[in-house]
Amino acid sequence: MPDTPATRAAQATPPSVARKIKGLSDRAIAWIFVGPTIFLLLAINIFPLIWTIRLSFTDFKANRAGREIKNVGLRNYERILTDSDIWLNMQATAHFLFWTIFFQVLIGFTLAYLINKKFKGNDLWTTIIVLPMMLSPAVVGNFWKFLYQPQIGLFNYVIAFFTGKDPSSFEMLGSVQLAPWSIVIVDTWMWTPFVMLICLAGLRSIPDYIYEAAEVDRASKLRQFFTITIPMVLPFLMLAVLFRGIENFKMFDLVVQLTGGGPGSTTELTSINLKREAFEKWRTGYASAYAIILFVTVFGLASIYVKALNKVKER
Amino acid sequence: MSSFSVTEPSKRSKWFAGTMVVIYALVTMVPLAWIMLTGFKSPADAISYPPKVVFEPTLEGYVNLFTTRTRQTPEFLEANPPQTWYEEIVREYDMVIAGPSKFGERFLNSVIIGFGSTFLSIFLGTLAAYAFSRFKIPFADDLLFFILSTRMMPPIAVAIPIFLMYRQLGLSDTHLGMILLYTGVNISLAVWLLKGFIDEIPLEYEEAALIDGYTRFQAFYKVVLPQAATGIASTAIFCLIFAWNEYAFAVLLTSGTAQTAPPFIPTIIGVGGLDWPAVAAGATIFLLPVMIFTILLRKHLLRGITFGAVRK
């Protein structure tokens, strides 16, 4: 902003006065700079949160805006916490969370370890591996649905090629046993690179002299791996797990395109269930209570986890 | 080559690591390559069994993606010979092109909303990050942390009040509404990242500028901004990719004028079921810019991912 009235005025003021104005204006500038952002955050983040809390105590239905809104107290919360279907959704979410994190950590760390061997062209191959995580999850879900089609889909054909099974004998998306795994596979395909990148940052942060000292002490490679590499990368790895955990707890776009929550409700993760309640059944008050419960759950779990993470860091 | 070092991996382990990584990279590319190939197949080839790797390429998928078509009587078809190559493709199915499809519009919406919200996030975010970095703002850290934590809410949960609010304000299904929404979602992360980049710029530079008679504004504009350019660029890429890929808000809050491409692509329907080549063509056109972007800007992008994550 070189040519605003403020700058021109500042240039025209004598130095002694200007110093005073500058002293004052630091604070003014701070508020001018921060103001719009704070406003936007209040409007898009804080205000909706407060509104959701308020709605969660009512029986409001967004598709019947004219109807009188009744206060129902804690009844929405009570109904959600005693609803057995919701526990099924929570179980589906937990299954998804556990296995995606398990595979992503396993594969992601291995890849990072290999890339850290600094072979020729490793940055180009890293970029290629990273591509899936840059893509739109909804579109990814949509095209994996095509890959998963029985008979015509590539996935079934490849599995059939290696196992000798008939490619039309199993349906990844249509079977109750396989559908939960189908979403784990796609999420792992998409997000392993993220865990890999964070692990790589961890591996690269270990200074060479530690290994050199270990070498002088004649520690075996295996021992170096378990006493240096793993403990030094652990905080990074835990951070990656935190991010994937939060993201996958909110998982919506990928899975809704891939399975739509089906078959039945085997892959109906909490977010998908929430969307049904809020925008298909239009039980806005109930859904708001549900949203708050989810938020508190994630926030609580994440806080506990961060405490553990800080302990690991201190060591 | 280089001097001997105990930490330098042996040739053999490098070779082994390289082979494994290349194999993984190639396997992980198969689904993407398959979708791109499918975009050039005819509908019959796309659903053939066993899946066809070798096929006669056609632009049918792309023509179907960008046009709407209607069936016509043989007399009409005979009286009006096809004028262009894409009409010829459609004629094989006794159809004529009725007009453009909505894909172009949806794609343009993605561009407008993506770039609009990125610009706004970066503009406001840089100002705020500078203020958070250089001035004492009460509760700054708590505030930022709290706002970042609201991102832990599932988008659907946020969408409920936003949906009601936008209906009141007349912002549903408008470009402005989506730009503001994506900016609001992105800006907490943008400020957080940018603050880190600005923190790294030594205070001395600005102090020198202030002593030379620059005002705060000038010092910010002429000294801090150029120094933070790389950080601003990598933050911008993140904002852009988020807005480009976002689906949950888009599907709930837009249906027509402001609908972006991600909710639209899966709804492309052909004659007698999903038109897979057209869907694949749409996915290819939509994903390709991000992929090219990623490869071109890999240095900034990869640094930004780890930087952003590790800082938090």
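At what angle do helix α10 (residues 221-249) of chain A and helix α13 (residues 284-314) of chain A pack, and how far apart are their axes? The first legend gives the answer.

**View 1. Helix α10 of chain A packs with helix α13 of chain A.** This is a predicted model, in which local features need pLDDT of at least 70, side-chain atom pairs count only at pLDDT 80 or more, and totals for chains, interfaces and linings use all residues. Residues are numbered from 1 along each chain as its sequence is written, while chains are lettered from A and ligands numbered from 1 in the order in which they are written. The two helices meet at an angle of about 175 degrees, and their axes lie 10 Å apart. That makes α10(A) roughly antiparallel to α13(A). (Angles under 35 degrees count as roughly parallel, over 145 as roughly antiparallel, 65 to 115 as roughly perpendicular and the rest as oblique. Axes are lines fitted to C-alpha atoms, for helices over the stretch in contact, and angles run from 0 to 180 degrees between N-to-C directions.) From α10(A), the contact uses A:L234, A:P235, A:M238, A:L239, A:L242, A:I246 and A:F249. From α13(A), it uses A:V298, A:A302, A:Y305, A:L309, A:V312 and A:K313. (Two residues are in contact if their C-beta atoms, placed from the backbone, lie within 7 Å.) By class, the contact has 12 nonpolar, no polar and one charged residues. (Ala, Val, Leu, Ile, Met, Phe, Trp, Tyr, Cys and Pro count as nonpolar, Asp, Glu, Lys and Arg as charged, and the others, Gly among them, as polar.)

**View 2. Chain A has 13 helices and zero strands.** (Helices are DSSP runs of H or I, at least four residues; strands are runs of E, at least two; both are numbered from the N terminus.) The radius of gyration of chain A is 26 Å, well over the 20 Å that the globule rule gives for 315 residues, so chain A is more spread out than a compact globule. (The radius is taken over C-alpha atoms; the rule is 2.2 Å times the number of residues to the power 0.38.) The C-alpha atoms of chain A fill a box of roughly 85 × 75 × 40 Å along the principal axes. The domain assignment gives domain 1 (5-55) and domain 2 (82-314). (Such bounds come from an automatic or database domain assignment.) The C-alpha centres of these two domains of chain A lie 40 Å apart. Of the 315 residues of chain A, 40% count as buried. (Buried means 20 or more other C-beta atoms within 10 Å of the residue's own, exposed 12 or fewer, partly exposed in between; C-beta atoms are placed from the backbone.)

**View 3. Chain B meets chain A.** The contact takes 85 residues from chain B and 84 residues from chain A. Helix α1 (residues 11-38) of chain B gives the largest share of the chain B side, 15 residues. That side divides into 66 nonpolar, 16 polar and three charged residues. Chain B itself holds 15 helices and four strands. In chain B, 45% of the 312 residues count as buried.

**View 4. B:T38 and B:P277 are in contact.** B:T38 lies in helix α1 of chain B. B:T38 counts as buried because 27 C-beta neighbours lie inside 10 Å. Besides B:P277, B:T38 touches B:A46, B:W276 and B:A280, not counting residues up to four places away in sequence. B:F55 is 17 residues from B:T38 along the chain, and their C-alpha atoms are separated by 9.9 Å. B:P277 is found in helix α14 (residues 276-296) of chain B. B:P277 is buried, with 29 other C-beta atoms within 10 Å. The C-alpha atoms of B:P277 and B:G304, 27 residues apart along the chain, are separated by 35 Å.

**View 5. A:K118 has a positive phi.** Most residues other than glycine have a negative phi. A:K118 is not a glycine, and its phi is about 55 degrees. A:K118 sits in the loop between α4 (84-115) and α5 (122-130) of chain A. With 13 C-beta neighbours inside 10 Å, A:K118 counts as partly exposed.

**View 6. B:D173 has a positive phi.** The value is near 55 degrees, in a residue other than glycine. B:D173 is found in the loop between α8 (155-169) and α9 (175-199) of chain B. B:D173 counts as partly exposed, with 16 C-beta neighbours inside 10 Å.
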